[in-house]
Amino acid sequence: MSLTRKHYPFPEFESRWQKYWLESNAFRAANPGDPDFRPEANKYFVLDMFPYPSGDGLHVGHVEGYTATDILARYHRLRGDNVLHPMGWDAFGLPAEQYAIKTGQHPRVTTQRNIDNFRTQLQSLGFSYDWSREISTTDPGYFRWTQWIFLQLYGAWFNPATCKAEPISTYEGNDPDSVRLAFVSDKLVNWCPELGTVLANEEVVEGKSEVGGFPVVRRPMRQWMLRITAYTERLIADLDGLDWPESIKLLQRNWIGRSEGAEVRFGLEGFDESITVFTTRPDTLFGATYLVLAPEHPLVETITAADQTEAVTSYKNSCSAKSDMERTDLAKEKTGVPLGVSAINPVNGEMIPVWIADYVLTGYGTGAIMAVPAHDERDHEFAVTFSLPIREVIRPDEPRNEKNQGCFSGEGTAINSPTIEGLRTPEAKHKMIAWLNEEGFGKGAITYKLRDWLFSRQRYWGEPFPIVWENGSHRPLAAEELPVEPPEMDDFKPTGTAEPPLSKASEWVSYSETARRELNTMPQWAGSCWYYLRFCDPKNNNRFIGEEVEQYWMGSNSRPGGVDLYVGGTEHAVLHLLYARFWHKVLFDLGHLTTPEPFQRLVNQGMILGDDGQKMSKSRGNVVNPDEVVAEYGADALRLYEMFMGPLEHGKPWSMTGVEGVYRFLARVWRMAMTENQEGNWVLSEDLTEQELTNAQRRVLHATIKKVTQDIELLSFNTAISQMMIFTNEFTNAKPRPLDALRLFLPLLSPFAPHLVEEIWSKLAVKHEGFKGLASQSAWPAWNEEFLVVNELTYAVQINGKVRGHLTVPTSADHESVEKAAFADASLAPFLEGKEVKKVIVVPARLVNIVVAV
RNA sequence: GGCGGUGUAGUCCAACGGCAGAGACAAGCGACUUAAAAUCGCUCCAGUGUGGGUUCGAGUCCCACCACCGCUACCA
């Protein structure tokens with residue numbers, strides 16, 4: 001639609017108010033110790049997932065989440081709370097560096113430009129951030145503390161006795177480097193040749209890099225790791241106390257992937273060594289007909305029979321040459337090679353063959369399994385491929401049918417298993433584990449899918465490690481030496497080898513005559529692991545966060561989480577949220593924080609789709625640019641539309657005509673207060689007067705206050721807006737219009753459409769009482785239940801669940817009189833004639849249901 | 001394949017287990033206007049993806065299936 005004339009003059013006032021709010025520090029949050037700090041006020045910390053400032057600029061998806069939190073922030077301010085609502089930039093990372101390499105510009109330059117663009121865009125939407133707290137992860141004053149936190153991890157270990165992190169000084173063993181929470185490992189890592197860097201498991205999607213989609217291969221490299229696996233139990237257990245969507249909790253639990261089972265030791269014929277396998281089904285031990293090792297299993301070298309060496313070596317080579325992607329592609333067909341050696345099943349002394357196969361993963365469990373082809377689908381497939389024996393040891397509860405034919409992996413009753421014959425699966429497991437313990441062949445065990453966090457990258461645009469190497473060993477820099485800034489470099493391209501680009505800055509590399517700096521940098525996740533803490537105290541040069549400030553903003557009477565509300569997309573459900581929880585717990589254990597969890601309440605906004613119902617993408621050409629919507633309809637209309645589209649958590653398609661709808665609503669609100677004079681100027685409406693509201697008006701007004709208040713708390717913005725539309729429909733045509741209605745209504749609308757309300761508020765203030773100061777600093781109104789009461793209620797009268805009539809009774813009528821009135825209703829007589837009444841149900845204020853015999 | 005979410009008028013979406021409709025979009029009619037736009041008013045439209053079950057009563061709870069979306073993928 002092209003607008004010859006705007007329905008209300010938003011271009012004239014939106015940017016004016018944005019400027020005014022900014023210059024008057026209208027949304028500044030006071031810290032304890034500040035002169036204007038109000039100790040009696042409740043704190044409310046409402047946080048957005050800060051954006052990666054990409055060159056594409058702000059997306060309508062950002063606007064959705066940011067509007068939701070802005071509504072909450074503004075609402076809580078009107079309720080008198082001390083609201084912390086900050087914004088910053090997650091600005092280190094691969095895309096900036098790749099763009100820099102492509103264009104030949106330094107990433108600092110492009111990053112700064114993108115940040116400036118994002119800030120302008122956010123400010124043009126009227127978000128009430130406290131901009132004095134703006135932070136960027138690339139700022140040395142910020143990453144100094146990211147490095148400091150790394151030193152905390154480096155200087156700590158997880159004490160299994162206390163089940164928490166402690167300073168490494170409390171460790172009494174002789175190899176502290178083997179227990180640090182930040183440690184060096186030479187294990188297999190995900191190496192992406194195209195990006196020239198290693199990646200965390202979480203950054204590898206279907207065998208390809210999450211960024212760019214390039215193939216990833218596994219190779220051994222010396223890397224920094226963080227011991228997140230020490231926290232698996234607490235990361236699972238502490239989810240219980242959080243107000244997070246169950247689906248996100250489940251995602252995290254599944255990602256951590258706790259499995260209870262047993263480790264079982266199989267002896268090897270002709271060797272002193274034995275093979276330990278992990279199984280979740282020790283009750284199927286009698287059904288194990290072969291063992292499988294991961295191709296990379298260290299025992300393979302030792303135990304392979306001479307006549308199999310060639311086949312085994314060639315199989316191993318073919319596996320390591322395959323990228324993860326190829327391994328996944330070939331998943332349909334099982335491959336493997338026998339080692340020519342037999343293992344001894346401890347339960348019955350049976351000799352079973354040992355194989356290697358790439359369907360067994362080296363990083364999970366013990367890297368070895370006992371195969372029970374009758375009761376595991378993968379083992380079954382493998383056994384069929386290689387004609388290995390299949391022996392049933394579980395009888396399903398239901399007879400065999402199409403569904404559980406071939407391979408039954410459920411629970412049932414143990415058969416063909418002398419020591420546990422006839423036992424149900426849970427008891428059978430239990431008894432088998434007890435037996436393994438007694439005989440020394442194994443024990444109960446728990447494993448997790450979660451691996452330690454690969455924490456180093458071969459990139460330029462990231463935080464350098466505060467570590468130097470001397471005589472082949474690492475040592476930390478002193479806290480006073482931070483920040484370690486990356487060197488100025490013109491050529492920061494990947495070297496094409498495993499050598500990081502920082503190796504090219506030879507001066508920077510040499511720390512002293514004998515010491516070299518660590519050349520890797522931290523992954524992008526590092527900066528976002530703790531930014532919510534820095535927002536509390538962004539300029540503190542002595543600590544990553546001041547103690548008193550931390551206790552105030554992150555403290556929470558008896559709840560585990562500090563941040564009151566955290567809103568962002570589901571894409572961070574496992575990675576960012578798990579990493580941040582981990583760091584938080586370490587800092588908590590070390591006494592730096594007061595709560596064990598960072599985020600008390602989490603809400604994931606749904607994805608906004610294009611108007612074709614598809615995901616927005618440049619190639620589909622269905623991307624909506626927020627700047628264009630703001631230009632045409634204004635910031636308030638964009639904000640309101642995104643909140644009106646549907647429930648915050650749901651995905652929903654964009655509709656430009658829908659924007660027009662809310663835009664027209666805002667114009668109606670404008671015209672409640674303003675009218676156009678003959679010269680075509682907007683002036684205050686003469687219809688506004690000081691007068692009592694009618695009962696009906698008062699009822700609508702208070703119903704609106706109630707509904708909007710409750711819906712904001714529930715984040716049900718779409719229904720809150722619909723109630724405000726009802727209010728507007730009621731009052732637009734009222735002549736004269738009572739000013740009291742606007743006094744109470746405008747604050748309700750102000751979190752949603754702050755510019756419009758601020759403008760009307762200031763216009764009204766010129767002539768009328770009760771519109772002092774800024775609308776965004778006024779007070780949230782309260783509703784009065786008394787005004788909601790009506791004199792009469794209409795009941796639906798049902799006979800056997802079918803509506804047969806209606807009944808109007810005084811509100812004060814009790815059950816009995818309602819029931820009586822229903823039977824007195826002549827129009828129901830035909831339905832009741834000669835029938836026996838069996839039951840009468842009266843639902844207060846709703847209906848009467850008369851149940852009669854048929 | 002596994003897990004999670006969602007299916008309600010032409011469309012987006014509302015409905016503590018209680019009369020399927022709050023709001024909006026689109027469509028149509030009317031008022032205003034020389035006319036149009038804008039504005040205002042009115043009207044139209046579904047029995048809730050399918051099949052069972054629980055209940056006095058089911059869009060809502062339970063079971064099975066179907067469709068779409070998201071996440072995940074040999075984790076023993």
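Predicted model: local features only at pLDDT ≥ 70, side-chain atom pairs only at ≥ 80, totals over all residues.
Tutor: Residues are numbered from 1 along each chain as its sequence is written, and chains are lettered from A and ligands numbered from 1 in the order in which they are written. Local features need pLDDT of at least 70, side-chain atom pairs count only at pLDDT 80 or more, totals for chains, interfaces and linings use all residues, and side-chain values use heavy atoms, with hydrogens and water left out.

Student: Why is S776 called buried?

Tutor: Buried means under 20% relative accessible area, exposed over 50% and partly exposed in between, with a 1.4 Å probe and protein chains only. S776 has 8% relative accessibility, so it counts as buried. Its place is in the loop between helix 24 (754–767) and strand 37 (792–799); helices (H or I, at least four residues) and strands (E, at least two) are DSSP runs, numbered from the N terminus.

Student: Which residues does S776 touch?

Tutor: Contact means heavy atoms within 4.5 Å. Leaving out residues up to four places away in sequence, S776 touches W21, F27, R74, L78 and E758.

Student: What makes the S776 and E758 side chains a polar contact?

Tutor: The term stands for a pair of N or O atoms within 3.5 Å; within protein, one must be able to donate a hydrogen and the other to accept it, and residues adjacent in sequence count only if both atoms are side-chain atoms. The S776 and E758 side chains are joined at 2.4 Å, so the pair falls within the 3.5 Å limit.

Student: What of C163, buried or partly exposed?

Tutor: With a relative accessible area of 37%, C163 is partly exposed. Its phi is positive as well, about 60°, although C163 is not a glycine.

Student: How do you know that strand 1 and strand 2 pair?

Tutor: Two strands pair if DSSP finds at least two bridges between them. Strand 1 (residues 43–48) and strand 2 (residues 82–84) have three bridges, so they pair, in the parallel sense. Y44 stands opposite V83 in strand 2. Strand 1 is also joined by three bridges to strand 28 (residues 565–569), and these two run parallel, with D48 opposite V567.

Student: What makes strand 1 mostly covered?

Tutor: Six of its six residues are buried. K43, F45 and L47 lie on one side, with Y44, V46 and D48 on the other.

Student: How many residues surround RNA strand B?

Tutor: A residue is near a molecule or strand if one of its heavy atoms lies within 4 Å of it. There are 53 residues around RNA strand B, and the closest are T280, Y364, R378, P647 and M725. Helix 22 (residues 717–731) gives the largest share of that surface, six residues.
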